[in-house]
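Please look through the sequence and the model before reading on, and keep both in view while you follow the report.

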Amino acid sequence: MSMADDIETSETASVQVAVMRRRPALRVAMLTLGPILAAFVLSAVILMLVGVDPLKYYSYILQRGLFSGLGLEQTATRMAPLLFLCASLIIAFRAGIWNLGTDGQFLLGAVIAAATAPLLVGVLPGWLVLLVGFVLAALVGALWSILPALLRAYHGVNEIITTLMMSFLGVLFASVLVKLVFLDPATTVPQTRTLPVADRLPRLFDTSISSGLIWGLIAVIAVHLMMTRTAFGLRLRMVGANPHAAAHAGLSVPLLTMAVFALSAGFAGLAGASEILGVAGNVRADWNPAYGLMVIPLVFLARFHGIAAIILVFFYSAMLIGSESAARRLGVPQDFTLVLVASLLICLGLGEYIDHRMRQKEQ
Amino acid sequence: MEALLTEAFLSSLLTGAIVAAIPMLLAGLGEQMSEKAGVLNIGIEGMMLMGAYLGFFVAFQFDSIWLGFLGGIVGGMLVAVLMAVLCVRLGLNQIVIGIGLTLGVEGLTALLHHFQFSRTYPRLPAPVRADLPLLSDIPVIGPSIFSRHPIVYIALLSVVVLAYLYRRTNLGMTLRAAGESPAALDVAGGNVEGVRVFSVLFTGAMAGLGGAYLANVGAGLFIPFMTGGAGFIGIVLAMLARGRPLWVLIGALIFGAALSLTTALQVAGSNIPTDVIQMLPFAAVMLVLMVFGRKARLPAALGISYERGAR
């Protein structure tokens with residue numbers, strides 16, 4: 001069938017792998033680039049309808065996000081949280097768990113990092129401050145997924161709804177925490193204490209790129225290797241492919257399900273921490289970049305593959321940076337990137353369908 | 001405590017519960033039909049938002065709230081057509097496409113709002129109310145239940161109609177078969193695809209109407225992202241109602257009450273931050289899922305696209 005169903009049963013998967021090997025490189029390229037191109041055309045039509053010149057908009061985005069030195073550095077910095085989120089989703093989706101609550105996990109991770117790190121500066125050595133921030137963020141992220149995890153593992157309650165609900169709750173709760181609990185008494189705007197620039201993640205060489213990028217890359221590659229090369233990863237994939245078969249094979253499906261939630265939500269928490277400890281330094285009330293749902297299409301487009309995800313995150317990050325300044329300069333609201341992402345997702349789905357039909361005809 | 005039991009408080013609580021419940025009720029009833037037929041319609045949030053936008057746009061342009069509701073239905077169905085083509089006809093993953101549609105509508109309506117209304121923020125005039133004779137004169141419940149916008153009565157009536165449809169008609173049986181055992185329905189000569197497309201379009205219409213109610217009656221204007229998860233709550237209501245429309249109504253009223261309780265507390269002079277108020281319905285959903293989640297029953301073929309002859 002399509003997308004997630006590709007990994008549904010190991011038998012069809014192996015058949016598909018065999019077919020994929022025979023697929024000519026040209027077609028693979030077309031199936032990847034075709035949907036992307038179609039999505040940009042579709043979005044261009046929408047831009048034209050509201051009276052914006054799409055060529056001007058796209059070229060402005062490319063210029064700002066990719067072809068200017070500062071823009072490229074911003075793009076690389078912005079990749080860090082997105083990469084951690086990719087790691088989070090790759091684990092979940094490969095294990096057949098729909099963690100749609102990464103936004104809440106991300107924000108709560110960010111808030112706890114912002115609440116603790118500035119207080120620890122001077123008490124602990126710099127690297128330990130950052131480490132504590134990251135570890136706490138991962139724990140809080142994981143903690144926020146424990147209800148959906150328990151409900152799914154032991155009561156069989158669909159995690160799509162529970163993670164979404166916890167995400168709404170988490171976003172609001174993060175805002176409450178910032179306004180009522182972790183408020184910086186020194187400022188009038190509701191925000192947490194600020195981590196001094198010198199104490200944030202070090203920058204790379206002479207650039208403004210945060211080294212969070214490196215940790216994000218490591219996270220995605222580690223997760224990719226864990227899911228594809230280790231026995232633990234195979235167990236998780238078995239649970240995702242067919243939980244009944246996994247239970248018959250002697251695996252403890254509930255425990256493995258809990259582990260998937262903890263790992264996935266933990267990485268989402270790390271994503272939040274990387275943004276705070278690397279770039280922002282504090283959390284302002286009502287701050288919510290909502291990266292979580294937007295990373296989903298990228299992970300699908302990459303077919304849950306780590307390296308492919310990294311490449312896509314790079315281009316997506318460039319688009320975000322470009323569209324942020326386009327919003328200021330050309331007056332196109334930033335929400336337009338949502339339209340782009342959605343068209344990408346739909347065109348990608350259509351591409352998968354065409355591929356599926358072509359393979360059916362060949363057989 | 002005495003202040004909490006005044007007529008004004010009770011009246012505003014009950015009014016608020018009903019006003020807040022109607023969009024969730026409509027969304028839940030719509031989602032229920034999709035789920036019965038085996039389509040997990042995550043795109044419902046997008047359908048609702050599109051209904052809110054188009055409903056407001058039409059009502060504002062043509063100065064008619066009724067045309068606005070029609071516009072809302074059309075808006076919801078436009079998104080539903082996409083969902084039906086991609087997920088039922090082509091069999092793409094329902095969750096991925098559902099999220100995609102929701103994100104796309106969020107972006108699109110925010111974009112359109114930015115270019116059309118963001119400078120002026122136009123408002124609709126206060127909606128008309130239909131006073132049911134005699135009943136609306138009863139103290140407390142009179143003005144809160146029997147003096148509402150006609151759409152409220154239509155929504156309540158649809159609960160009864162749908163309950164009858166599911167239980168007593170062939171269409172109801174066919175819907176259930178499409179969700180429980182599509183292959184059996186196919187063998188029996190039923191049209192799985194047709195039934196599922198119908199159910200998705202119906203969901204779009206109901207969600208769109210709910211969105212239009214939110215914009216035209218609830219707020220009187222369109223705000224980007226204004227549905228704020230009401231569609232997702234509709235999904236939860238449908239999951240917990242185990243196929244019964246009446247339970248969707250009961251659930252919607254409970255969530256509506258949770259929402260309006262806080263508003264009413266503010267009227268009564270309590271001082272709770274708005275973020276906490278907004279958390280209540282989602283917390284209520286989690287609580288309900290924790291207590292009753294085990295009992296939520298979903299159709300056997302939910303979320304699985306049907307392909308004839310496929311294993």
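This is a predicted model: local features need pLDDT of at least 70, side-chain atom pairs count only at pLDDT 80 or more; totals for chains, interfaces and linings use all residues.

**Chain B**

Chain B contains twelve helices and two strands, and when its elements are read from the N terminus on, they come in the order α-α-α-α-β-α-β-α-α-α-α-α-α-α. Of the 311 residues in chain B, 55% are buried, where buried means that the relative accessible area is under 20%.

**The cavity**

Rolling a probe the size of a water molecule over the atoms shows where empty space is left. In this structure there is one cavity of 30 Å³ or more, and the volume of the largest cavity is about 50 Å³. Its lining draws on both chains, with A:Leu100, A:Leu164 and A:Leu293 among the residues from chain A and B:Ile42, B:Ile99, B:Thr102, B:Leu103 and B:Phe232 among those from chain B. Helix α4 of chain B, which covers residues 94-116, provides the largest share of this lining, namely three residues. Sorted by class, the lining of the largest cavity consists of seven nonpolar residues and one polar residue, with no charged residues.

**Salt bridges**

Side chains of opposite charge can pair when their charged atoms come close.

| Residue | Partner | Distance, N to O |
|---|---|---|
| A:Glu159 | A:Arg152 | 2.6 Å |
| A:Arg303 | A:Glu352 | 2.8 Å |
| A:Asp355 | A:Arg359 | 3.0 Å |

In the pair made by A:Glu159 and A:Arg152, A:Glu159 is buried because its relative accessible area is 3%, whereas A:Arg152 counts as partly exposed because its relative accessibility is 27%.

A:Arg303 counts as partly exposed, since its relative accessibility is 36%, but A:Glu352 counts as buried, since its relative accessibility is 6%.

The pair of A:Asp355 and A:Arg359 is set within one element, because both residues lie in helix α15 of chain A, four residues apart, which is about one turn of the helix. Are these two residues buried or exposed? A:Asp355 is buried, with a relative accessible area of 2%, and A:Arg359 also counts as buried, at 9% relative accessibility.

**A nonpolar patch on the surface**

On the surface, A:Leu143, A:Ile146, A:Leu150, A:Tyr154 and A:Leu255 form a nonpolar patch, and together they have about 500 Å² of accessible area. Which helix gives the most residues to the nonpolar patch? Helix α7 of chain A, which covers residues 146-155, gives the most, with three residues. A:Leu143, another member of the patch, lies in helix α6 of chain A, which covers residues 126-144. Because exposed means over 50% relative accessible area, A:Leu143 counts as exposed at 58% relative accessibility.

Terms used:
Residues are numbered from 1 along each chain as its sequence is written. Chains are lettered from A and ligands numbered from 1 in the order in which they are written. Side-chain values use heavy atoms; hydrogens and water are left out. Patches are made of residues with over 30% relative accessible area and no salt bridge: like charges are joined within 9 Å, nonpolar side chains (Val, Leu, Ile, Met, Phe, Trp, Tyr) within 5 Å. Accessible areas come from the Shrake-Rupley method with a 1.4 Å probe; for residues, only the protein chains shown count as cover. A salt bridge is a side-chain nitrogen of Lys or Arg within 4 Å of a carboxyl oxygen of Asp or Glu. Buried means under 20% relative accessible area, exposed over 50%, partly exposed in between (1.4 Å probe, protein chains only). On a 1 Å grid over the protein atoms alone, a cavity is a set of points where a 1.4 Å probe fits but cannot get out, and a pocket is an open set with protein on both sides within 12 Å along at least five of seven lines; lining residues have an atom within 4 Å of a point. Grid points are joined across faces, edges and corners, and a volume is the space filled by probe spheres set on the points. Ala, Val, Leu, Ile, Met, Phe, Trp, Tyr, Cys and Pro count as nonpolar, Asp, Glu, Lys and Arg as charged, and the others, Gly among them, as polar.
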